[in-house]
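Reader: I would like to learn how to read a fold feature by feature. Could we go through one together?

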Amino acid sequence: MSCVLPSACRWLPATTGKTASPCCDTTVPSSCESPPAHVLVFDLDDTLYLERDFARSGFTAVETHLNDKYGNRVSHGTCWRLFIEGARGKIFDLALKSFGIEATPSLLDELVQVYRSHPPQIRLCPDAYRFLATDRRRRAIITDGPATMQRSKIAALGIEESFDCIIPTGELAKGMGKPHPMAFEQIMQWSGELGEMHIYIADNPAKDFIAPRALGWRTVQIDRVGRIHSPDATSSEHGAELRINTFDDLSKAIELAH
Ligand SMILES: [Mg+2]
């Protein structure tokens, strides 16, 4: 079930579903107060929802596809078991081997396409839902990954209308994904605020915080139970200023960050 967040008194998204910069209408409904100047910018995967849930529904779609194609030698739950066991990057190869199916490049490409295009069975983390339902600051998303896949996740979560600006870096020129600063610079062009007025909330120190820190943004790491990536930064430039385990602590973290 998708969660639909209250949209009354939100800044109105003008080009949701389109590319960014300038990506948003700054019209505010007359009955609403202007939101605070701070701009909250969120990552998507393992920040607003658990990426493993997307993986699980994607594996189900892939195994259903294989079952339709090759019959009942395909054992459902195989890819998920491999994922739980820590296999990364070659789950489909290993699963096909266990099914006795040759992992040709064209079949692997086909399965990746099924995985990326399947209707995601995902939902907001409950604490993310609580925060988004009550916080009134301007908000945006910067997310890496194939743009169509990231857009379908946002649609499945039912949050498209709850964000003022959405930048899937897959819609930018090649090589502009994190840690490239392009998406963060576009957010600043949209907001019209100094870097220090922005806060990036994300989960992956390997790539999420380098660019916003260099631009003077504040940074908060969300370290969720069930996350995929390591929460440990390999250098001070990679790390966030603050780390929280739940969005129930995000308002307090934002106060500390300023
Ligand atoms: Mg992430």
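Reader: Let me start inside. What covers the buried residues of helix 7?

Author: Some ground rules first. This is a predicted model, in which local features need pLDDT of at least 70 and side-chain atom pairs count only at pLDDT 80 or more, while totals for chains, interfaces and linings use all residues. Residues are numbered from 1 along each chain as its sequence is written. Helices (H or I, at least four residues) and strands (E, at least two) are DSSP runs, numbered from the N terminus. A residue is buried if 20 or more other C-beta atoms lie within 10 Å of its own, exposed if 12 or fewer, and partly exposed in between, with C-beta atoms placed from the backbone. Now to your question: the cover of the buried residues of helix 7 includes strand 1 (39–42), strand 2 (138–143), strand 3 (165–168), strand 4 (198–202) and helix 8 (210–214).

Reader: Which residues of helix 7 are buried?

Author: They are A183, F184, Q186, I187, M188, W190 and S191. That is 7 of the 10 residues of helix 7, so this helix is largely enclosed by the rest of the structure.

Reader: How should I read a nonpolar core, and which residues touch the most other members here?

Author: In soluble globular proteins, nonpolar side chains tend to be buried together. A nonpolar core is a set of buried Ala, Val, Leu, Ile, Met, Phe, Trp, Tyr and Cys residues joined through C-beta atoms within 7 Å. In this model the largest core has 43 residues, and V41, L48, A140, I141, I142, I187 and I201 touch the most other members. Helix 7 (residues 182–191) gives the largest share of this core, 5 residues. A second, separate core of 11 residues includes L66, V74, C79 and F92.

Reader: What does I142 touch?

Author: Two residues are in contact if their C-beta atoms, placed from the backbone, lie within 7 Å. Leaving out residues up to four places away in sequence, I142 touches V41, D43, I167, T169, A183, F184 and I187.

Reader: Now for helix packing. At what angle do helix 1 and helix 4 cross?

Author: Two packed helices are described by the angle between their axes and the distance between the axes. Axes are lines fitted to C-alpha atoms, for helices over the stretch in contact, and angles run from 0 to 180 degrees between N-to-C directions. Helix 1 (residues 51–70) and helix 4 (residues 105–117) have axes that come within 8 Å and cross at roughly 135 degrees. The two are therefore oblique to each other (angles under 35 degrees count as roughly parallel, over 145 as roughly antiparallel, 65 to 115 as roughly perpendicular and the rest as oblique). At this contact, G58, A61, V62 and H65 in helix 1 meet L111, V114 and Y115 in helix 4.

Reader: And the loops: where is D46, and is D46 buried or exposed?

Author: D46 lies in the loop between strand 1 and helix 1. With 23 C-beta neighbours inside 10 Å, D46 counts as buried. Its phi is near 60 degrees, a positive value in a residue other than glycine. D46 is also one of the residues touched by R224, which is found in the loop between strand 5 (218–222) and strand 6 (242–244).

Reader: Which residues does a cis peptide bond join?

Author: The bond joins K178 and P179, with omega about 15 degrees. P179 is placed in the loop between strand 3 and helix 7.
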